[in-house]
Amino acid sequence: PSDPLGTPKPVAVEAEVVEGQKYKLAEITILGNHAISAETLRAEFPLKPGATFERDKVATGLESLPKLYGSKGFLEFACIPDTEPSSNGTINLKLTVDEGTQYHMGKLEILAGKETAARLRAEWKMAEGRPYDSTYIRKFIEANGSLLPEGFSVRDTRKVMNCPEGVVAVSLMVD
């Protein structure tokens with residue numbers, strides 16, 4: 001303690017830090033992907049072979065993958081990263097992907113007056129039976145704000161996943 005009578009007792013800590021070797025990315029290997037190409041998945045990482053390996057850039061890439069897969073209907077996507085350092089100062093990043101079930105658009109329910117519901121239904125472009133895009137509702141609200149009540153948001157929607165059938169029913173609660 002720097003002041004033995006102080007409350008709480010402040011403490012001074014000294015440490016010697018040895019940074020160790022800086023690693024460069026050798027390659028990103030992706031296993032288990034079928035719906036999206038490895039090249040497309042690699043492009044989500046702002047880290048290219050030969051660049052200094054940075055944890056933040058790996059995290060950025062990993063955070064973007066669920067959104068990318070969700071836009072193609074894979075709502076249960078999971079990815080396990082693993083690093084394999086090499087004695088030559090490089091690291092291989094290996095991603096094991098579990099795409100899960102591809103969900104499709106189910107019924108669209110619009111709880112609104114007849115005229116408003118008809119106008120909104122005409123603007124809804126995700127057809128029943130097509131792969132469900134988890135990013136579509138937010139885009140729909142932004143594009144059709146003039147048809148929706150002020151303050152309408154994603155919270156005013158309901159999505160019900162039917163896992164056995166692989167469909168998502170959507171309700172827009174306008175009124």
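Predicted model: local features only at pLDDT ≥ 70, side-chain atom pairs only at ≥ 80, totals over all residues.
Is Arg42 buried, partly exposed or exposed?

**Entry 1: Arg42 and its partner**

I looked up Arg42 and found a relative accessible area of 31%, so Arg42 is partly exposed. Next I checked what its side chain touches. Arg42 and Glu39 meet through their side chains in a salt bridge, at 3.9 Å from N to O. I then asked where the two sit: both belong to helix H1, residues 38-42. They are 3 residues apart, which is about one turn of the helix.

**Entry 2: other salt bridges**

How many salt bridges does a search of the whole structure find? I noted 5. Besides the one in H1, I wrote up two of them.

- Glu54 and Lys57 form a salt bridge, with 3.5 Å between the closest N and O atoms. I checked both for accessibility: Lys57 comes out at 29% and is partly exposed, and Glu54, at 33%, is partly exposed too.
- Arg55 and Asp56 meet through their side chains in a salt bridge at 3.9 Å, N to O. Here I found both residues exposed.

**Entry 3: the sheet**

I turned to the strands next. In what order do the 3 strands of the sheet lie? I read S1-S3-S2, in an open sheet with mixed pairing. The edge strands are S1 (24-31) and S2 (78-85), and each of these pairs on one side only. On average, neighbouring strands here are turned by 20° against each other, ignoring direction.

**Entry 4: S2 against S3**

Which way do S2 and S3 run relative to each other, parallel or antiparallel? I found them antiparallel, with 8 bridges joining S2 to S3 (residues 90-98). For a landmark to click on, I picked Pro85, which stands opposite Ile91 in S3.

**Entry 5: the helix across the strands**

Last, I asked which strands helix H2 lies across. H2 covers residues 55-70 and lies across S2 and S3. Its direction makes an angle of about 20° with S3.

Notes. Residues numbered from 1 in each chain as written. Heavy atoms only, no water. Pairing = 2+ DSSP bridges. Helix = DSSP H or I, 4+ residues; strand = E, 2+ residues; numbered from the N terminus. Axes fitted to C-alpha atoms, helices over the stretch in contact; angles between N-to-C directions. Contact = heavy atoms within 4.5 Å. Salt bridge = Lys/Arg side-chain N within 4 Å of Asp/Glu carboxyl O. Buried < 20%, exposed > 50% of the residue type's maximum accessible area, 1.4 Å probe, protein only.
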